[in-house]
Structure formats: structure tokens, C-alpha cells
Amino acid sequence: MSDFERDIVHCLNNFFADQNLKGYAYRLKQSKYNTQYVDVLVDSLDPRYYLTIECKSIKGKKIYFSQHFHEDKYNVHQIDAIWDFIKKTGRRGFLAVEFRGGKGSCNRAFLMSWPDIMKLREESAGISVDDFCEGIELERSSGGYRLLSLYPKELDSLLQKDTGE
């Protein structure tokens, strides 16, 4: 398991503990002979937290659909396979991307919903850091990342206004 995948699992499980929510994030064991659709699954009876997450950790400021995702032996693109998995399981899907800055620069990580990924895929060859800034940025904390909400900034503020928080 990559460090970023481990960080995402810890980040989500800490989120559930901090928010006193029922949910559990975990990584399925990879096997040469079994298909692994995504990197992280989250189980919860609350449908808001019944999730699937694909993780990518890259150098640079843009993730490209042709370079950072693969096709399987049947020529099915990874993006399409994940979208099919999301539709079959009823999970909310996210892409978690860590942009590694290199020496002297902080790593930044974001979550973007899978429907947004599918829309952006139709419009361009990749997704920039600026595009991800419209979504959910994970806070850097000692030992990894911290999730404050599973909703983009503007939706999160609307939800807080509606609930009076």
C-alpha cells in the first residue's frame, strides 16, 4: 500500500472518530489475480459516508487521464471501470489526489467527486490543481492529512447555514 493510500485511510477513520460518526475506511488487499477497482472503500450505514476512493500521488500540477490512469486487459479505461463500480454499488465516489511539490514545497491533497471527474474528462485531457481547489482540500497535519468535511467549501457553508451551525 502506498503512503498516500494509508494516509487517506487514516484521514477518513480520524474524521469518523472526531465527528463521532459511524464509518470505517479500509484498503483491500491487492492480488495479482483479482481485479482491484479502487484503492479505498468506506463502509457506513449513513449513505453520505458509503464511499469508494481512488488515490493518486503525482509530481506536478495536473493529473492526466491518459498518463495517470490505465486500461485493463480488455481495454476498459480505469475511469470507466471505477464509474461502473460506483453505479453498481451505490457508493459515492471520489478521486483523492496528492500533488507532491518536491524539495521545499508542501504536498497538497484534494478530494473530487466522481461525477465531477466524469464531467471534466469530457472537457479536457486532465485536471489541474486549480480545478481541485474548487473541491475538498485536505488539511496537512502531523503524520498525514485531516478531513474537515466531505462537501466542497460552498456546499459545506450552505449546509451549515441550513442547520444553524
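**Cysteines**

Buried means under 20% relative accessible area, exposed over 50%, and partly exposed in between, with a 1.4 Å probe and protein chains only. Cys 106 counts as exposed, with 66% relative accessibility. I then searched for disulfides, that is, pairs of cysteine sulfur atoms within 2.5 Å, and the count was zero.

**Basis**

The model is predicted, so I note that local features need pLDDT of at least 70 and side-chain atom pairs count only at pLDDT 80 or more, while totals for chains, interfaces and linings use all residues. Residues are numbered from 1 along each chain as its sequence is written, and side-chain values use heavy atoms, leaving out hydrogens and water.

**Cores**

I looked for nonpolar cores (sets of buried Ala, Val, Leu, Ile, Met, Phe, Trp, Tyr and Cys residues joined through side-chain atoms within 4.5 Å). The largest has 23 residues, and those touching the most other members include Ile 8, Leu 12 and Val 40. α1 (3-18) and β3 (51-59) are among the elements that each supply at least two residues of this core; helices (H or I, at least four residues) and strands (E, at least two) are DSSP runs numbered from the N terminus. α1 gives the largest share, seven residues.

**Asp 39**

I placed Asp 39 in the loop between β1 (24-27) and β2. Asp 39 is buried, at 7% relative accessible area. Leaving out residues up to four places away in sequence, its contacts (heavy atoms within 4.5 Å) include Glu 5, Tyr 26 and Arg 27.
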